[in-house]
Amino acid sequence: MNKETRNCQNCKQEFRIEPEDRIFYERFGIPAPDECHRCIWKHLMAFWVFGKFRKTKSALSGKTIITTFGEKTKFPLYDRTEWISDSWDPLSYGKEYDLNRSFFEQFKELQDRVPHPHQSGTNNLNSDWCDDVWNSKNCYLIRGLLDCENLYYGCRNIRCKNSIDLVFCFDMDLSYDCAYCFKCYNVRHSFDARDSIESAFLYDCRNVQNCFMCWNLRNKQYYILNKPYSKEAYFEEMKKYNLRSRSRIEELKKEFAQILAREAIHRSSYNVKAVNSKGNFLEECKNCYDCYFIEYSENNRHMFRGGFIKDSIYGVGTIVEKALYSVVDNKSYDTIATMHCDNCRYSAYLDYCEECEYCFGCVSLRKKKYCILNKQYSEEEYKTLLPKIKESMIGKGEWGKFLPYSMAYGGYNSSVASLYFPATEEDVKQWGGIWERAYEKVSSGIPGNTLPDMIDDVSEDISQKQILCPRTGWHFNIAPGELQFYKAQGIPLPQHHFDIRILDLFKQLTAVTLFSGTCSFCKKDITHYYPPEWGYKKIACVECYQQQVS
């Protein structure tokens with residue numbers, strides 16, 4: 001098979017369909033897509049909500065629930081414990097399939113009527129103000145957690161505890177303001193630090209202790225600006241930095257960013273133990289092509305965020321095998337175009353279904369088999385009707401396409417897509433998508449930029465007051481437990497809204513566009529993921545990076 005070049009119907013850019021891609025399309029029995037790989041990710045992520053936490057009422061019982069679904073969500077929201085109960089029957093919403101009508105029109109009508117759970121996640125304690133959280137307790141205003149405890153604010157954290165403002169961090173304790181850090185204790189303001197303790201302002205450091213404003217270090221202790229100190233001299237020098245002051249921290253952040261651009265060695269990708277794989281932020285992957293933020297996976301193409309994935313193509317935030325167009329699915333097998341499904345198999349076009357198999361075009365089903373548009377069929381009836389539906393969809397140009405933007409749960413600007421692929425309201429509406437109004441601004445409260453500069457000057461009653469973010473006008477509060485953390489650790493109060501802080505941490509995790517360049521050391525041509533506007537002076541190929549950083 002030869003490569004084929006097409007023009008993306010969305011961004012109008014040329015893209016290639018590789019022979020290896022066609023193997024997947026033939027396996028799933030679908031035509032090759034007419035969107036480029038980036039636009040497909042953008043399309044899938046538009047169905048992954050990253051909205052504002054808000055209170056509302058369960059449409060079933062009137063119970064107060066907390067959700068990230070927007071106010072204009074069309075389908076009813078049930079408290080998750082009610083959603084999984086026997087107090088309602090999703091099959092009661094079932095309808096006959098009309099072969100003369102568009103499948104997507106019929107599926108959307110069903111989606112708008114059938115109740116959805118107010119949030120994802122199970123087995124949590126005191127973590128109501130969270131979403132997509134599993135086996136965690138005492139967590140607050142966080143999205144995407146597994147096995148965590150006593151966390152405030154963040155996204156995609158696993159086995160972390162007693163920390164605040166973490167993004168994409170695993171096995172962290174007593175840490176603050178970190179992204180892409182792993183197995184660290186009492187580490188702050190850091191990116192890509194591993195196995196390190198009692199340090200701050202780290203970049204690409206491994207197994208360091210008591211290090212400050214350091215980069216590319218391995219197995220070091222008592223370093224400041226990559227310069228070694230004795231134990232006594234280190235702690236004496238650290239007194240000069242006044243890390244209890246917010247204004248001083250902001251100055252150091254700007255200074256450290258300039259140092260990293262000028263002095264640090266940046267490897268061409270952040271991949272670790274990636275065999276025969278291409279992409280960025282891959283860990284222990286094999287035969288993964290054009291994949292990003294993937295761990296422990298094999299034989300995949302064009303996947304974005306997830307782990308333990310095998311033999312799949314085009315998915316975001318998933319743990320799947322033999323899947324196509326999957327959005328935040330868990331342990332699903334042999335599926336096409338499924339969203340937020342758990343343990344589903346041999347199915348296509350499912351929305352929030354759990355433990356289902358041989359189902360098509362269904363919403364919020366649990367433990368069902370041989371259903372179409374939430375209507376129960378016998379095995380024989382299902383196998384007779386499904387080929388007719390596929391034939392009808394092929395004739396209308398629908399089979400093998402993902403759902404239209406109009407079926408997204410909320411606004412594009414309130415989805416994960418907006419983090420990695422920002423777009424204008426005009427663009428989104430041109431795609432047929434949804435745009436939500438911005439968070440409501442308020443005028444009463446304490447301006448964040450007038451908060452005490454030093455944590456020592458903050459009174460206990462600050463937790464009872466409303467604070468206004470100077471960048472957005474959004475209001476936020478300092479929770480009592482959060483204040484105790486800042487006081488105990490000598491960390492100055494944040495002045496910006498927690499969502500803004502998390503989005504700032506995301507910035508270095510948006511490096512998914514490939515650039516051409518030359519290795520700063522051996523001068524050979526390389527590809528890397530650092531935008532020119534970041535101004536990095538020392539970008540190295542893998543071999544030179546390993547020689548220079550050891």
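Analyst: Buried means under 20% relative accessible area, exposed means over 50%, and partly exposed lies in between, with a 1.4 Å probe and protein chains only. This is a predicted model, in which local features need pLDDT of at least 70 and side-chain atom pairs count only at pLDDT 80 or more, while totals for chains, interfaces and linings use all residues. Residues are numbered from 1 along each chain as its sequence is written, and side-chain values use heavy atoms, with hydrogens and water left out.

User: Is lysine 537 buried or exposed, and which residues does lysine 537 touch?

Analyst: Lysine 537 counts as exposed because its relative accessibility is 60%. The residue is found in the loop between strand E32 (525-528) and strand E33 (538-540), where helices (H or I, at least four residues) and strands (E, at least two) are DSSP runs numbered from the N terminus. Contact means heavy atoms within 4.5 Å, and on that basis lysine 537 touches Ala261, Arg262 and Ser520, not counting residues up to four places away in sequence. The C-alpha atoms of lysine 537 and isoleucine 259 are separated by 10 Å, although the two are 278 residues apart along the chain.

User: How should I read a helix, and which residues of helix H6 are buried?

Analyst: An α-helix has 3.6 residues a turn, so residues three or four places apart point the same way. Helix H6 (residues 246-262) has 17 residues and reaches 25 Å from its first C-alpha to its last, close to the 24 Å expected at 1.5 Å a residue, the expected span being 1.5 Å times one less than the number of residues. Its buried residues are Arg246, Ile249, Leu252, Phe256, Ile259, Leu260 and Ala261. These buried residues pack against strand E12 (182-194), strand E13 (197-206), strand E14 (209-215) and strand E17 (265-267).

User: What is the order of the open sheet of three strands?

Analyst: Strands of a sheet pair through backbone hydrogen bonds, either parallel or antiparallel, and two strands count as paired here if DSSP finds at least two bridges between them. The order is E28-E29-E30, with mixed pairing. Strand E28 (446-447) and strand E30 (475-476) stand at the edges, each with a single partner strand, so one side of each is left without a neighbour in the sheet. E28 and strand E29 (residues 467-468) run parallel and are joined by two bridges, and isoleucine 446 has isoleucine 467 in E29 as its bridge partner.

User: What is the phi of glutamate 198, and what is the phi of tyrosine 346?

Analyst: Most residues other than glycine have a negative phi. Glutamate 198, which is not a glycine, has a positive phi of about 50 degrees; its place is in strand E13, and at 32% relative accessibility glutamate 198 counts as partly exposed. Phi of tyrosine 346 is near 50 degrees, also positive in a residue other than glycine, and tyrosine 346 is found in strand E24 (residues 345-351), where its relative accessible area of 30% makes tyrosine 346 partly exposed.

User: How many cavities does a search of the whole structure find?

Analyst: On a 1 Å grid over the protein atoms alone, a cavity is a set of points where a 1.4 Å probe fits but cannot get out, and lining residues have an atom within 4 Å of a point. Grid points are joined across faces, edges and corners, and a volume is the space filled by probe spheres set on the points. The search finds five cavities of 30 Å³ or more, and about 60 Å³ of space lies in the largest cavity. Residues lining the largest cavity include Phe47, Trp48, Tyr409 and Glu436.

Conventions: On a 1 Å grid over the protein atoms alone, a cavity is a set of points where a 1.4 Å probe fits but cannot get out, and a pocket is an open set with protein on both sides within 12 Å along at least five of seven lines; lining residues have an atom within 4 Å of a point.
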